[in-house]
Amino acid sequence: MSDLVEVDDLKVHYPLKYGVFVDRTVGYVYAVDGVSLRIRRGETYGLVGESGCGKSTLGRALLRLTDLTSGRVAIDGVDLSGLHGEPLRRMRRRMQMVFQDPLSSLNPRQCVRAMLVEGLRAHGLDTSREATEARLRELLDAVGLPVGALRRYPHEFSGGQRQRIGIARALSVNPDLIVADEPVSALDVSVQAQVLNLLEDLQAALGLTYLVIAHDLAVVRHMADRVGVMYLGGIVEEAPAGALYGSPRHPYTRALLSAVPVPDPVVEDRREHLLLTGDLPSPAAPPSGCRFHTRCPWRQPTRCDEERPELRVIAGAGSGSGAGSGAVAEHRVACHYAEQIDAGLLRPHDVSPEVVPEGVVLGAAPPAHPASVTEVLGH
Amino acid sequence: MTDQPLLEVRDLRVTFGGTGRRRRGDSPPTVAVDGVSFDVSPGQVVGLVGESGCGKSVTSLAIMGLLPKRGVRVTGSAMFEGTDLLGLSDAAMRDRRGRDLGMVFQDPLSALNPVVPIGVQVTEVLRRHRSMNAAAAKTEATELLRRVGIPDPGRRLAEYPHQLSGGMRQRALIAIALACRPRLLIADEPTTALDVTIQAQILALLAELVVDTGTALIMITHDLGVVAGLCDEVNVLYGGRVVERARRHELFATPRHPYTHGLLGSIPRLDAPSGERLAAIKGSVADNLAWDSACAFAPRCPRSLAECTEHTPPTEEVLQRLLSCHNPVPVQVRS
């Protein structure tokens, strides 16, 4: 299978502006900082991480919804980083997005018909009235909405139905790639399952390629063939879903997995929790060396603080449990000591939560150092 | 359990609208909570679980007396150590809130006052209820913040909510709720706005505090995973009613109500084999019927009978399990 999406050393840095009349750039938020990944045709790639780790920015950068600072993104061999204007617009037919909040991503004054036809028209797929009509029915049918939905407006639908409309809109132009950014996190559990099943059915029927971004590890594990775990702008571990969840190698992945509550008291009582202390450091002033060293229970002196680990293929990782479908399904980890930790040579130690130091890096008289990601994004 | 329950909620009913003069074109009153009864014993963790609109938050707000007076009718009783909380005057309730009853809200940023430093918000409770002077309250507040795991508490006291991260804000809110060692703490989706690693920290903190202080906890959540690890007893709410209640091991091992059963089947699980298809519950809450002549869940229920749309299911309590269903899932179904 060939790669549909190629991302090489992608960086997206948002400038932090400060000043009344002249915007001075006082620093950068390193939202995505050196990510390389491949997504094969027809597979589902899951991206997980906590808020502020840059997973949504990565998804948006992939579709060129945000400008790239450096690096290369290619869809089906076409380099998007150099595209502008009309050629880029034409490429957009092949890549679509499903957003998190179905109500705010649907135009409240547009009926479903207008919403679906708009995309068809923009890409010249609206050839004849009958063909369009047939296509609309086909779309509604695919996502499980009645034909009567065409005349109605977003507020007339429930959350799950709205998400179905969002999916129908993404499907309308026959894309190759769908980036689904938290597709079910705004929905109730009983409805979540309906939408997840729908996404899977559509993939099987239409041969779509998905990039599923979510903070819910169980959702990603359920959907994805391969999973990448992001922490502060970088991918720290990437593996076939089964291998990642079965034998996580990066300390952060271990902590993340052990933090997810399992709806089974028997498992919950037995399970050992690996609690991380402290918060995600600010992406405007990421820690030196390994980004995770400030919270890592396996941190070793000097090397972890100084040298940023590369994402490297790790030996001896168990077989990809079928999810990789025969292709090279590699287990890649960005940790200096992954093997030693795995072999039990290193013991976890206590980490004291670090107080975010004041006024670092940002140059002269910055606004008070951002305490959290939300605050940085709010600026 | 032999000892007297700390809180006894009986037949709690909350209706929005329909209290004033009815005019033509008014929408009919909405029954948000429709006869909820449960007990909380001292030191016990009781879970209220359900999806949005099931009435779990309204239940907690009614117990705390935080619902607006206008346009809301609250009936039933909530006996807290012999006094009915629902019958208390505003002034009497103010004395109770913060002292006997603590509450942790879902979104700490909107629950904290944005223009008042954290320290003032913590000491306020201590000075109001424990009549401390400023210096003593400050010392106590520092101790409280340290106890909930906020690093460098002395400095944090002078900071404003926006200067703290989400997890720290939630910790601050817990510190405020626990300032007067309430005997009952109500946590309304305390971790929903947080990331999983922070959620794990907060849940561990709550579990530890409950053990240390003997505070009873009502945990309101939509996340069955949170319930599985924390609660002693779980109430599953649907359409404003408790449809099933059991001790957590029994509930998860043998869910009897089709809704509980469906919920458990529809969550993707970390420990399940991947690629397994989820058993979704069809339809949505909008399909609900009214409880007074049917089972609200009947239109979405895979086991519904003709009877389900005609009669309200009886509520029966067998072997410490409360169940309200005409056609419950047989015990041996789930492996």
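Student: At roughly what angle do the axes of helix 3 and helix 4 of chain A cross?

Tutor: A word first: this is a predicted model, where local features need pLDDT of at least 70 and side-chain atom pairs count only at pLDDT 80 or more, while totals for chains, interfaces and linings use all residues. Residues are numbered from 1 along each chain as its sequence is written, with chains lettered from A and ligands numbered from 1 in the order in which they are written. Helices (H or I, at least four residues) and strands (E, at least two) are DSSP runs numbered from the N terminus, and axes are lines fitted to C-alpha atoms, for helices over the stretch in contact, with angles from 0 to 180 degrees between N-to-C directions. Helix 3 (residues 112–122) and helix 4 (residues 129–143) of chain A have axes that come within 11 Å and cross at roughly 115°.

Student: Which residues of helix 4 of chain A meet helix 3 of chain A?

Tutor: Contact here means that C-beta atoms, placed from the backbone, lie within 7 Å. From helix 3 of chain A come A:Arg113, A:Leu116, A:Val117 and A:Leu120, and their partners in helix 4 of chain A are A:Thr132, A:Arg135, A:Leu136 and A:Leu139.

Student: What is the strand order of the open sheet in chain B?

Tutor: Strands pair if DSSP finds at least two bridges between them. The sheet has eight strands with mixed pairing, in the order 6-7-8-3-9-10-12-11.

Student: Which strands of chain B stand at the edges?

Tutor: An edge strand has a single partner strand, so one side of it is left without a neighbour in the sheet. In chain B these are strand 6 (101–104) and strand 11 (315–318).

Student: Which residue stands opposite B:Thr315?

Tutor: Strand 11 and strand 12 (residues 321–324) of chain B run antiparallel, joined by four bridges. In strand 12 of chain B, the residue facing B:Thr315 is B:Ser324.

Student: Which helix of chain B gives the most to the side that touches chain A?

Tutor: The contact takes 44 residues from chain B and 46 residues from chain A. Several helices of chain B each supply at least two residues, including helix 7 (166–178) and helix 8 (196–213). With six residues, the one that gives the most is helix 8.

Student: What percentage of the residues in chain A are buried?

Tutor: Chain A has 13 helices and twelve strands. A residue is buried if 20 or more other C-beta atoms, placed from the backbone, lie within 10 Å of its own. Of the 379 residues in chain A, the buried share is 49%.

Definitions and conventions:
Contact = placed C-beta atoms within 7 Å. Buried ≥ 20, exposed ≤ 12 C-beta atoms within 10 Å, placed from the backbone.
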